[in-house]
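Please look over this model with me before our meeting. My notes are set out as numbered points.

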Amino acid sequence: MLFFYENKGSNTIYADVREKLGCAAHLHGHLEIVFMKEGSVELNVEGKDYILRENEALIIFPNQLHSYKDIAKSRSTLLIFAPELLQPDYKNSLRDLYPKRPFVNKNTTLPNRIWRSFYGTTTLTRRKPKA
C-alpha cells in the first residue's frame, strides 16, 4: 500500500469545514477528529474498514495510517492538532495507545457541550482572503 506522511509542524491547530473528505492513505504526528454533520464517508484506519455516518465522530491518534473515500455527499468538521498542546499525561499516552474503535456517536457518553460544539463549528463560513 502506498501512503504519504504529512508534516504539519509542531504546536499547530488546523480546523476546517469540508464538503468532501476524500484523502489517500497517509499519517501524521497529530491528533485528528472528524465530526460528520451530514452524509457518510468510507474510511480505513490501520487496515480496518469503517463507515463514518451522520452524527458520528472519528478520532485518529498520531501516526495511525488512515484514508477517506467519499461515498455520498457529505459535510464534516475536521480538527487536527499537535499532541504537544495537550497535558503531558495525555500527550505521552498518545505515543503508545490507540483506540480499539475510533468512533464516538450520540450513544457514547460525552458532555452535551462537546456535541453542541461540533454542530456549532459546522455553521462557520470560510473567511475571504484579505486583499
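The points below cover the sheet, the core and the salt bridges.

1. Ground rules. This is a predicted model, in which local features need pLDDT of at least 70, side-chain atom pairs count only at pLDDT 80 or more, and totals for chains, interfaces and linings use all residues. Residues are numbered from 1 along each chain as its sequence is written, and side-chain values use heavy atoms, with hydrogens and water left out.

2. The sheet. Five strands form an open sheet in the order β2-β9-β4-β7-β10, with antiparallel pairing. Its edge strands are β2 (13–18) and β10 (103–104), and each pairs on one side only. Strands here are DSSP runs of E, at least two residues long, numbered from the N terminus. Two strands pair if DSSP finds at least two bridges between them.

3. From β2 to β9. β2 runs antiparallel to β9 (residues 75–81), and six bridges join them. Tyr14 stands opposite Ile80 in β9.

4. β4 and its partners. β4 pairs with β9 over seven bridges, in the antiparallel sense. Leu31 has Phe81 in β9 as its bridge partner. On to β7: four bridges join it to β4, again antiparallel. There, Phe35 is partnered with Ala57. β4 is also mostly covered, with six of its eight residues buried. Buried means under 20% relative accessible area, exposed means over 50%, and partly exposed lies in between (1.4 Å probe, protein chains only).

5. The core. The largest nonpolar core has 14 residues. Such a core is a set of buried Ala, Val, Leu, Ile, Met, Phe, Trp, Tyr and Cys residues joined through side-chain atoms within 4.5 Å. Which element gives the most to this core? It is β5, with three residues. Val41 is among the residues with the most contacts inside the core. Leaving aside residues up to four places away in sequence, Val41 touches several residues, including Leu21, Met36, Leu52 and Tyr68. Contact means heavy atoms within 4.5 Å.

6. Salt bridges. The count is two. A salt bridge needs a side-chain nitrogen of Lys or Arg within 4 Å of a carboxyl oxygen of Asp or Glu. Asp16 pairs with Arg18, their closest N and O atoms being 3.2 Å apart. Asp16 counts as buried because its relative accessibility is 12%. Arg18, at 24%, counts as partly exposed.

7. The second bridge. Glu19 forms a salt bridge with Arg75, the closest N and O atoms being 2.5 Å apart. This pair links distant parts of the chain, 56 residues apart: Glu19 lies in the loop between β2 and β3 (23–27), Arg75 in strand β9. Glu19 has 43% relative accessibility, so it counts as partly exposed. Arg75 has 19%, so it counts as buried.
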